[in-house]
Protein chains: 2
Amino acid sequence: MHHNRRDFVKKAGLLGAASLMTPAFSMSLNPQIERPKVLFFDVNETLLDLRAMKREVASALQGREDLLSLWFTTMLQYSLVVNAAGHYEHFGTIGAASLQMVAANNNIILSEARAKQIILTSLRALPAHPDVKASLEALKEAGFVLVSFTNSSKQGVSEQLKNAELSEYFDRQLSVEEIQKFKPFKQTYDWGAGKMGIKPNQAMLIAAHGWDIAGALWAGWRAAFIKRPGAQRFPLAPQPEIEQTDLIKITKDLIAMR
Amino acid sequence: MHHNRRDFVKKAGLLGAASLMTPAFSMSLNPQIERPKVLFFDVNETLLDLRAMKREVASALQGREDLLSLWFTTMLQYSLVVNAAGHYEHFGTIGAASLQMVAANNNIILSEARAKQIILTSLRALPAHPDVKASLEALKEAGFVLVSFTNSSKQGVSEQLKNAELSEYFDRQLSVEEIQKFKPFKQTYDWGAGKMGIKPNQAMLIAAHGWDIAGALWAGWRAAFIKRPGAQRFPLAPQPEIEQTDLIKITKDLIAMR
């Protein structure tokens, strides 16, 4: 239904007039800024609402909803730990191991099987944030090439996008599983741009993670930061050219470029 | 005072008879296990009690003592983020930036200056855990070569060990500042062993961090894990040969080797 033009125009009310601008008009708004050739979207937290896992994580952690952030940060830390040591494991496998560690640190016993089950049933079933579908639709309509670019495994992201009803918007799904280096390793951004046949400065990352925005900018990419609740830019990294509180505003900024 | 033999013998009561064993006797206990040539000690959390920072961190975070773990995990994550992107910043600088991010995520405004001040005044003034001094003394007495091996900067660790009154026990202080790669990058363990003129399997890391133990083992080192409160091994890594709840027990195990 999202490819239906009438439906799109109705939804685009959300986006305001900017989403319907012609390229000529857009150029007059941002005559100096050129559109990125490919938009790379981070998935977890950026497109999908991780807070929907709060209940599942809390159910494994004796009601401790407050441990969601610590668990996710531990998962991110250990993804880099594994890579730094020259190894690779699927993001979900590291997520389950991290959940076990956070549980044990809070004197909660959590089996490997139960931890894995929680990851498989909840991380892969996250809903899209409410601003995502209309934005992706508007960007596609405006001619942008959209790629999902995630630390999740190939099968993981495929199920995530399917369950969130977002698969149809992406021209390509890229998972770090192929290169076996998690973002923000520089090689991973180089590889992503290479896969799409573009130079680093023709790529733009859209993400709600300070570390991902930092990694993209340090790899010579352009970047747009979605300042979702709980998201912060890394103070020691360069600033992205776009920072907005939601994807609808970022979409407006992008469509306004020539 | 810790080099005073009488004082040592008194303190060694803590360690039990093992700390006073002759090599001949030790050999009969663990005839098959050879002593590591060099003992590398992690510093933060392993030797120094991070919980002493709880009050300072909480004072910056409007009383939120519970955010200490999230802050420290964020600091560790971002140390690897910076390296993965091909950059380096001092651990304390990353710690201050991480503190600002955790504060902002909890709607607390924390200036860069105040964040840096907290790191400088509290991270560098951590006290030693109560089991540390007597253990280091017994290990030195037993002829082990002791090296501090930390993610803290050169100046940072020098002040930390001085403030905790531990400097005298170490034959050498190694900081990742020299190689500009944080643990657990494999290169860092290779570099550490190289600096001491030994092979990886002649080195043993003693640490209270699952990621550090994992990195050492994956780099071909031996390892002893101190299971301090809140410390967990990484379930996806190999098991260390020693795991004990305190450094006194690890010291006994080490002194018992031939």
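User: How many aromatic pairs are there over all chains?

Analyst: A pair of aromatic rings is described by the distance of the centres and the angle of the planes. Rings of Phe, Tyr and Trp (its six-membered ring) pair if their centres lie within 6.5 Å; planes under 30 degrees apart are stacked, over 60 edge-to-face, and the rest tilted. By that rule the count is 25 aromatic pairs over all chains. Take Phe40(A) and Phe149(A): they are edge-to-face, with 5.4 Å centre to centre and 70° between the planes. Phe40(A) belongs to strand β1 and Phe149(A) to strand β2 of chain A, so this pair ties together parts 109 residues apart in sequence. (Strands are DSSP runs of E, at least two residues; helices are runs of H or I, at least four; both are numbered from the N terminus.)

One caution: this is a predicted model, so local features need pLDDT of at least 70 and side-chain atom pairs pLDDT 80 or more, while totals for chains, interfaces and linings use all residues. Residues are numbered from 1 along each chain as written, chains are lettered from A and ligands numbered from 1 in written order, and side-chain values use heavy atoms, without hydrogens or water.

User: Are Phe40(A) and Phe149(A) buried or exposed?

Analyst: Buried means under 20% relative accessible area, exposed over 50%, and partly exposed in between (1.4 Å probe, protein chains only). Both Phe40(A) and Phe149(A) are buried. They also form one aromatic cluster with Tyr189(A), Trp191(A) and Trp221(A).

User: Which residues of helix α6 in chain A are buried?

Analyst: In α6(A), residues 112-122, they are Ala115(A), Ile118(A), Ile119(A) and Ser122(A). These residues span an arc of only 100° around the axis (taken from the directions from the helix axis to the C-beta atoms), which puts them on the same side of α6(A). Their cover includes α3, α4 and α5 of chain A, where contact means heavy atoms within 4.5 Å.
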